[in-house]
Amino acid sequence: MEARAGPLPMHKLREVSLRAREKVIRMGLLDKSVHVGASLSVLDILVAIYFGRGLRRSGEKPTERDWLILSKGHAVPALYAVLSEAGVVSEEMLEKIRAIDGLEGHPDYRMDGIDVSTGSLGQGLSIGAGIAYAMRLDGTEDRHRVYVILGDGELDEGQVWEAAATVTHLGLRSVVAIVDVNGFQLDGPTEAIKKKGDIAARWSSLGWNVLEVDGHDYEMLLEALRQADAARKPTVIIAYTRRGRGVGFLEATGGQHLDPRRAKSLE
Ligand SMILES: [Mg+2]
């Protein structure tokens, strides 16, 4: 991974986002199990962090750099696309999505650019809390950030709330949680599968600094990331998004997968 990704000016972020979206769709057409909808909802959040705010990766020790944990690991094609834009993953590798000698269907820390293996939902914030605590012990917590990206369906996992309470109890201010609220989980709307209540209020009640943004609006995302950098307590960014953002029929239905047989009609 290069020492530092970004920051880029706003118009460049939109160009990166467009190219990365095309890469996600391409992966979705190559393998029908790719979670295209979830990847497209989280993509602008990843672009904003990598190329808008920038990640500092230069430290010798694990506590001397920024971390990014994609807790909603099934959306890893978005991360692959962003890493491709950063020059970490080749275009040839993107073609090998879910191939035996290619890219995994969930994040694998053994790969350049992937900080933590995830995919079993609910674990990312706990791992982030541990890293943030290590930063405190090493005296680096005010220089670095631990970004943890969760899905809204993932909030059903009890472990998320154990970690959320631990982070604020210990005042682990290097943690920045981002919830991708796309309104869907599995094969249905979140409200039909399990009510989420007032998501912002749930985090706020535990003492988090809560920011709410349109998760596809770069100005709002970058401002929230700036505020998270300046905050003296753990911050959660509630990012309202659209599942399948950029692909009309996925957005209309909250769909997740592309049918490779439809490739012709998308060209
Ligand atoms: Mg969701």
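Two strands are said to pair if DSSP finds at least two bridges between them, and strands (E, at least two residues) as well as helices (H or I, at least four) are DSSP runs numbered from the N terminus. In that sense, Val 146 stands opposite Val 175 in strand β5. The structure is a predicted model, in which local features need pLDDT of at least 70 and side-chain atom pairs count only at pLDDT 80 or more, while totals for chains, interfaces and linings use all residues. Residues are numbered from 1 along each chain as its sequence is written.

**Overall architecture**

- The protein chain contains 11 helices and 9 strands. Its radius of gyration, taken over C-alpha atoms, is 17 Å, close to the 18 Å that the globule rule (2.2 Å times the number of residues to the power 0.38) gives for 267 residues, so the chain is as compact as a globular protein of that length.
- Along its principal axes, the C-alpha trace of the protein chain spans about 55 × 45 × 35 Å.
- Of the 267 residues in the protein chain, 49% are buried, where a residue is buried if 20 or more other C-beta atoms, placed from the backbone, lie within 10 Å of its own, exposed if 12 or fewer do, and partly exposed in between.
- Among contacts (C-beta atoms, placed from the backbone, within 7 Å) with a separation of 6 or more, 78% in the protein chain are between residues 24 or more positions apart.

**The parallel sheet**

- An open sheet is formed by 5 strands in the order β3-β4-β5-β9-β8, and the pairing is parallel. Because β3 and β8 (209-214) stand at the edges with a single partner strand each, one side of each is left without a neighbour in the sheet.
- Neighbouring strands of this sheet are turned by 20° against each other on average, direction ignored, with angles taken between axes, which are lines fitted to C-alpha atoms (for helices over the stretch in contact), and running from 0 to 180 degrees between N-to-C directions.
- Strand β4 (residues 146-151) runs parallel to β5 and is joined to it by 6 bridges, and Ile 149 stands opposite Ile 178 in β5.
- In strand β5 (residues 175-181), 7 of its 7 residues are buried. Both faces of β5 are covered, with Val 175, Ala 177, Val 179 and Val 181 buried on one side and Val 176, Ile 178 and Asp 180 buried on the other.

- Trp 67 is found in strand β3 and is buried, with 23 other C-beta atoms within 10 Å. Not counting residues up to four places away in sequence, Trp 67 touches Asp 115, Gly 128, Ile 131, Val 146 and Tyr 147.
- Trp 67 and Val 148 are 81 residues apart in sequence, yet 8.3 Å apart in space, C-alpha to C-alpha.
- Leu 70 also has its place in strand β3 and counts as buried with 27 C-beta neighbours inside 10 Å. Leaving aside neighbours within four places in sequence, Leu 70 is in contact with Ala 75, Val 76, Leu 79, Pro 107, Thr 118 and Ile 149.

**Helix α3 and its packing**

- Because 9 of the 10 residues of α3 are buried, this helix is largely enclosed by the rest of the structure. What covers its buried residues includes α1 (10-30), α2, β3 (67-70) and α4 (91-94).
- Helix α2 (residues 36-53) and helix α3 (residues 76-85) pack at an angle of about 40°, with their axes 8 Å apart. The contact is made by Ser 39, Val 42, Leu 43, Leu 46, Val 47 and Tyr 50 of α2, and by Pro 77, Ala 78, Leu 79 and Val 82 of α3.
- Just after α3, Gly 87 takes a positive phi of about 80°.

**Backbone exceptions in loops**

- Most residues other than glycine have a negative phi.
- Arg 98 has a positive phi of about 65° although it is not a glycine; Arg 98 is placed in the loop between α4 and α5 (124-138) and counts as partly exposed, with 15 C-beta neighbours inside 10 Å.
- Leu 186, likewise not a glycine, has a positive phi of about 45°; Leu 186 lies in the loop between β6 (184-185) and β7 (188-189) and counts as exposed, with 9 C-beta neighbours inside 10 Å.

Note on methods:
Contact = placed C-beta atoms within 7 Å.
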